[in-house]
Amino acid sequence: MAAPKAKARTLIVRLVSTAGTGSFYTTVRRRLLPKLQLMKFDPKVNRHVLFVESKQK
């Protein structure tokens, strides 16, 4: 029998705009860190807004 696989140290996450435009970025974060919240540019409202991490499918 083979040993079970280890969990990956990093996760691919989706950062979704809080402006409600549906814009998103994908990025990588380490598994043990808290959820990401970044100020990034949203091209649909043409300004920097808060992007928060959501579940990746």
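This note sets out numbered points on the predicted model shown above.

1. Basis of the model. The structure is a prediction in which local features need pLDDT of at least 70 and side-chain atom pairs count only at pLDDT 80 or more, whereas totals for chains, interfaces and linings use all residues. Residues are numbered from 1 along each chain as its sequence is written, and side-chain values use heavy atoms, with hydrogens and water left out.

2. Secondary structure. The chain holds 0 helices and 4 strands, and its elements run β-β-β-β from the N terminus on. The radius of gyration is 15 Å, well over the 10 Å that the globule rule gives for 57 residues, so the chain is more spread out than a compact globule. That radius is taken over C-alpha atoms, and the globule rule is 2.2 Å times the number of residues to the power 0.38. Helices (H or I, at least four residues) and strands (E, at least two) are DSSP runs, numbered from the N terminus.

3. Overall dimensions. Taken along the principal axes, the C-alpha atoms fill a box of roughly 55 × 20 × 10 Å. The accessible surface comes to about 5000 Å², and 58% of this surface belongs to carbon and sulfur atoms; such areas come from the Shrake-Rupley method with a 1.4 Å probe, and for residues only the protein chains shown count as cover. Of the 57 residues, 16% count as buried. Here buried means under 20% relative accessible area, exposed over 50%, and partly exposed in between (1.4 Å probe, protein chains only).

4. Sheet architecture. The strands form an open sheet of 4 strands in the order β2-β1-β4-β3, with antiparallel pairing. Strands β2 and β3 (37–42) stand at the edges with a single partner strand each, so one side of each is left without a neighbour in the sheet. From one strand to the next, the twist averages 40 degrees; axes are lines fitted to C-alpha atoms, for helices over the stretch in contact, and angles run from 0 to 180 degrees between N-to-C directions. Two strands pair if DSSP finds at least two bridges between them.

5. Strand β1 (residues 10–17) and strand β2 (residues 24–30) run antiparallel and are joined by 7 bridges.

6. The pairings of β4. Strand β4 (residues 47–54) is antiparallel to β1, with 4 bridges between them. In this pairing, Ser 17 stands opposite Phe 51 and Arg 14 stands opposite Ser 54. Between β3 and β4, also antiparallel, there are 6 bridges, and Leu 38 has Phe 51 in β4 as its bridge partner. The hairpin of β3 and β4 has 4 residues between the strands, with Asn 46 at a positive phi near 60 degrees.

7. Glu 53. This residue lies in strand β4 and counts as buried, at 13% relative accessibility. The side chains of Glu 53 and Arg 29 are joined by a polar contact of 2.8 Å. A polar atom of the Glu 53 side chain also lies 3.0 Å from the backbone nitrogen of Leu 36. A polar contact is a pair of N or O atoms within 3.5 Å; within protein, one must be able to donate a hydrogen and the other to accept it, and residues adjacent in sequence count only if both atoms are side-chain atoms. Leaving aside neighbours within four places in sequence, the residues in contact with Glu 53 are Val 13, Arg 14, Leu 15, Arg 29, Lys 35 and Leu 36. Contact means heavy atoms within 4.5 Å.

8. Val 13. Located in strand β1, Val 13 counts as buried at 4% relative accessibility. Not counting residues up to four places away in sequence, Val 13 touches Tyr 25, Thr 26, Thr 27, Arg 29, Leu 36, Glu 53 and Gln 56. The C-alpha atoms of Val 13 and Lys 55 are separated by 6.9 Å, although these residues are 42 residues apart along the chain.

9. Lys 5 is found in the segment before β1 and counts as exposed, at 83% relative accessibility. Its C-alpha atom is separated by 38 Å from that of Phe 41, 36 residues apart along the chain. Of the contacts in the chain with a separation of 6 or more, 31% are between residues 24 or more positions apart.
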